[in-house]
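Here are some notes to read alongside the structure, taken point by point. Please keep the sequence and the model open while you follow them.

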Amino acid sequence: MSDIHSLAGPYVLHALDEPERATFEQHLSGCATCATEVAELTETAARLADDTWSVPPPALREQVMTQVRLTRQLPPTRAVRRRRAPTRWWRHPALATVAACLLVAAIAAGVTYTVQEQRLRGERSAAQQLARVQAVLTAPDAQLRTTTVAGGGRVTMVAAPSQDSAVIMLAAPPPGAGRAYQLWLIQDGTPHSAGVLASGQGTATHLVSGLGAADALGLTVEPAGGSAAPTLPVLAQLTMG
């Protein structure tokens, strides 16, 4: 838990297990930065209890935050540095043994560093994703829209123009082998891709950013990986505002 500062958000949202919570609370007593961040996030969370901020129901918020926490984060890529092969000195047995030990140690250290770095980046990405979702759900202008999906299921949207983002929750049957649900932002009748779910995935929580002047959100089924333009018919459509 080397990047303990990133746990402020999950701590406020009660998303830490007991050992993590105990460790963070011990750290919190001596870290003014984290204490300030926790106080601000706690104040934001408390606003959820105010009726004037309850457009997205609290139960929905908890459901969304749970789904986001369970979403597996894509690991960042990292270039692997190639090492030069030894030249003449490797022919000496003792030097070769020492060199082999050093090489193994260096590779082990490099692998450990890479794994830790990826884990930390994953934790930071998850915390940032949670913060962005929370900002949408607690925004004063957040609006809830929901409709059925042709063929079964339902799609729900919480859109917050002040955050230029929307949280989309889809619960629909799997689209079939080699097929995927794709979201579209529609402005003046022109659709722009807003994200493609994994092949065969029918249930998901997705954060869409860059709403701009979009006036609707559409849902279609496309070949796995998505399409440049929607394949008709549109299975569901939600209007903005």
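1. A nonpolar core is a set of buried Ala, Val, Leu, Ile, Met, Phe, Trp, Tyr and Cys residues joined through side-chain atoms within 4.5 Å. In this predicted model, the largest such core has 24 residues, and the members that touch the most others are Met157, Ile168, Leu170, Tyr181, Leu185 and Leu217. Two or more residues of this core come from each of β2 (154-160), β3 (165-171), β4 (179-187), β6 (203-209), β7 (216-223) and β8 (236-239).

2. Another core, of 12 residues, lies apart from the largest one, and Tyr11, Val12, Leu16 and Val38 are among its members.

3. Which residues does Ile168 contact, once its neighbours within four places in sequence are left aside? They are Val155, Thr156, Met157, Leu183, Ala204, Thr205, His206, Val208 and Leu217.

4. Four strands form an open sheet in the order β1-β2-β3-β6, and their pairing is antiparallel. Because β1 (143-148) and β6 stand at the edges with a single partner strand each, one side of each is left without a neighbour in the sheet. On average, neighbouring strands of this sheet are turned by 15° against each other, if direction is ignored.

5. The antiparallel pairing of β1 with β2 runs over six bridges, and Gln143 stands opposite Ala159 in β2.

6. His27 belongs to helix α2 (residues 18-28), and beyond the residues up to four places away in sequence it touches Ile4, His5 and Cys34. Although His27 and His5 are 22 residues apart along the chain, their C-alpha atoms are separated by 8.8 Å.

Technical notes: Residues numbered from 1 in each chain as written. Predicted model: local features only at pLDDT ≥ 70, side-chain atom pairs only at ≥ 80, totals over all residues. Heavy atoms only, no water. Buried < 20%, exposed > 50% of the residue type's maximum accessible area, 1.4 Å probe, protein only. Contact = heavy atoms within 4.5 Å. Pairing = 2+ DSSP bridges. Axes fitted to C-alpha atoms, helices over the stretch in contact; angles between N-to-C directions.
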